[in-house]
Amino acid sequence: DRTLMQAAAGWLGRFHRANASRLSPASMPFLKRHDAEYYLGWAERTSLFADRLHQRFPWLATLCQRFEEVLDTLLEPPAIIIHGEYYPGNILFRQGTIYPVDWESTAVAMAEIDLASLIEDWPAETARLCKVEYQAARWPKGPLADFERRCDVSQFYWNFRWLGDRPDWTRHEKALKRFERLRSLGERFELI
């Protein structure tokens, strides 16, 4: 429910704030660091796996090619430790405490990726309240000026991440909502 979602967003903001100071370029070399090649690979695989869908989504090839035009936002500091798949299915709630599970996608990247995964598929008001809760927990003195842009660009990655993972997922009927989200983002950013 909305209260639990806000609690999860608050936990996430505190986690990101606590770990921001722990990370230096040489620290935690065992963690994957998301770079331009990593992000572009998801868009390239999405285009490849969607081969039969390009007729249905004629804008997709252009969007996949032009994704690099917003890539600078994903690469902007501060990069911090992220869960990598912080969606509700990976969050346990027990007796008022949040317990994230399934840390196999943990990496060093832009924090808003975790927030994008948390609020995906939730009503706009729930997503807005989660963003407010996250910002208050992460930046008690006030959020980054470009927070909304960072959230939007994170959504690009998050959708490419799942569409570019496995061909059968890309072509599955359930993936249609991801294509719709990408089209909406592509139009908003004037990439298509």
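## Second largest pocket

The second largest pocket has a lining of 14 residues, with Glu120, Gln155, Asn159, Arg181 and Arg188 nearest its centre. This description rests on a predicted model. The volume of the second largest pocket is about 210 Å³.

Four helices, α5 (112–119), α6 (124–138), α7 and α9, each give at least two residues to the lining of the second largest pocket. By class, that lining holds six charged, five nonpolar and three polar residues.

## Largest pocket

The largest pocket has a volume of about 340 Å³. Its lining is made up of 14 residues, and those nearest the centre are Trp162, Trp169, Lys174, Lys177 and Arg178.

At least two lining residues of the largest pocket come from each of α7 (147–163) and α9 (176–188). The share from α7, three residues, is the largest. Seven residues of this lining are nonpolar, five are charged and two are polar.

## Packing of α6 and α7

Two packed helices are described by the angle between their axes and the distance between the axes. For α6 and α7 the angle is about 120 degrees, and the axes lie 12 Å apart. Because of that angle, α6 is oblique to α7. The crossing of α6 past α7 is right-handed.

On the α6 side, the contact involves Lys131, Tyr134 and Gln135, which meet Phe147, Glu148 and Cys151 of α7. The residues of this contact comprise three nonpolar, two charged and one polar.

Methods. Residues numbered from 1 in each chain as written. Predicted model: local features only at pLDDT ≥ 70, side-chain atom pairs only at ≥ 80, totals over all residues. Heavy atoms only, no water. 1 Å grid on protein atoms, 1.4 Å probe; cavity = no way out; pocket = protein on both sides within 12 Å on 5 of 7 lines; lining within 4 Å. Points joined across faces, edges and corners; volume = space filled by probe spheres on them. Nonpolar A, V, L, I, M, F, W, Y, C, P; charged D, E, K, R; others polar. Axes fitted to C-alpha atoms, helices over the stretch in contact; angles between N-to-C directions. Parallel < 35°, antiparallel > 145°, perpendicular 65-115°, else oblique. Left-handed = near helix turned anticlockwise from the far one by under 90°. Contact = heavy atoms within 4.5 Å.
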